[in-house]
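Here's a quick briefing to read with the model open next to you. Take a look at the fold before going through the notes.

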Amino acid sequence: YHSLRLLRAVKNRFGSTHEVGLFEMTSQGMREVGDPSEMFLSQRPEGAAGSCVVACMEGNRPLLLEIQSLVTPSAFPNPRRLATGVDFNRSLLLMAILEKRAGLNLGRYDIYLNVAGGMEVREPAADLGICLAIASSLKDRPLRPSTVVMGEVGLAGELRAIPHWERRVEEAARLGFRWCICPPSGRSSGERVSLGILTAGTLREALDMAFS
């Protein structure tokens, strides 16, 4: 139902299988997408609560994607949970961490998650973005403007490092983002780009930075 097509080699005897081709279906056929990150973010609403940009890797290619969340009071004893584009069980785990480690009361709310553009995000680097999108919608407050986030969230509420720091941060800087919220190990990545690095060791610290 989307115009974007991904082409991946499952087996390649003469090269890497981590390369991904991104194409757009047009009336003239398949056309290569030269800047997929810009395309995914082109329709992102500015200053909207529940929206968070994350830096992910698709094969060897860094992509900036928008994670959207809608948190609304539930009319039923068992609130509804729905996730599109992110792992459902992983999203439930992150909601539990938000309640236990960040003190957010989510038990009375329906929570909906979506990755804009029809992409699927499976890597742990999107954990922090999912958490901040949920918190933003719950508080009905947008996140810090022009901010990209990345980082894995552990069960104790700690933020863990992820691979390919430099490539993710450089992609964010190229598209004009001014801030990056990430675990402490990402500080060295920002020294070579015009991007402010805000390091957070825990999910609570990241929440404070995101709304400051």
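What share of the 212 residues in the protein is buried? Buried residues make up 47% of them, where buried means under 20% relative accessible area, exposed means over 50%, and partly exposed is in between (1.4 Å probe, protein chains only). Keep in mind that this is a predicted model, where local features need pLDDT of at least 70, side-chain atom pairs count only at pLDDT 80 or more, and totals for chains, interfaces and linings use all residues. Residues are numbered from 1 along each chain as its sequence is written, and side-chain values use heavy atoms, with hydrogens and water left out.

**Overall build**

- The protein has five helices and twelve strands, taken as DSSP runs numbered from the N terminus (helices are H or I with at least four residues, strands are E with at least two).
- Its radius of gyration is 17 Å, close to the 17 Å from the globule rule for 212 residues, so the protein is as compact as a globular protein of that length. That radius is taken over C-alpha atoms, and the rule is 2.2 Å times the number of residues to the power 0.38.
- Along the principal axes, the C-alpha trace spans about 50 × 40 × 35 Å.
- Of the contacts with a separation of 6 or more, 65% come from residues 24 or more positions apart; contact means heavy atoms within 4.5 Å.

**The sheet**

- Seven strands make an open, mixed sheet, in the order β6-β7-β5-β4-β8-β11-β12. Two strands pair if DSSP finds at least two bridges between them.
- β6 (81-84) and β12 (196-199) sit at the edges with a single partner strand each, so one side of each has no neighbour in the sheet.
- From one strand to the next, the twist averages 25 degrees; axes are lines fitted to C-alpha atoms (for helices, over the stretch in contact), and angles run from 0 to 180 degrees between N-to-C directions.
- β4 (residues 51-58) and β8 (residues 147-149) run parallel and are joined by two bridges, with Val54 opposite Val149 in β8.

**Helices across the strands**

- Helix α3 (residues 127-139) lies across β4, β5, β7, β8 and β11, at about 35 degrees to β5.
- Helix α4 (residues 165-174) lies across β4, β5, β8, β11 and β12, at about 75 degrees to β5.

**Two positive phi values**

- Ser146, in the loop between α3 and β8, has phi near 55 degrees, positive in a residue other than glycine. Ser146 is partly exposed, at 22% relative accessible area.
- His164, in the loop between β10 and α4, has a positive phi near 60 degrees and is partly exposed at 38% relative accessibility.
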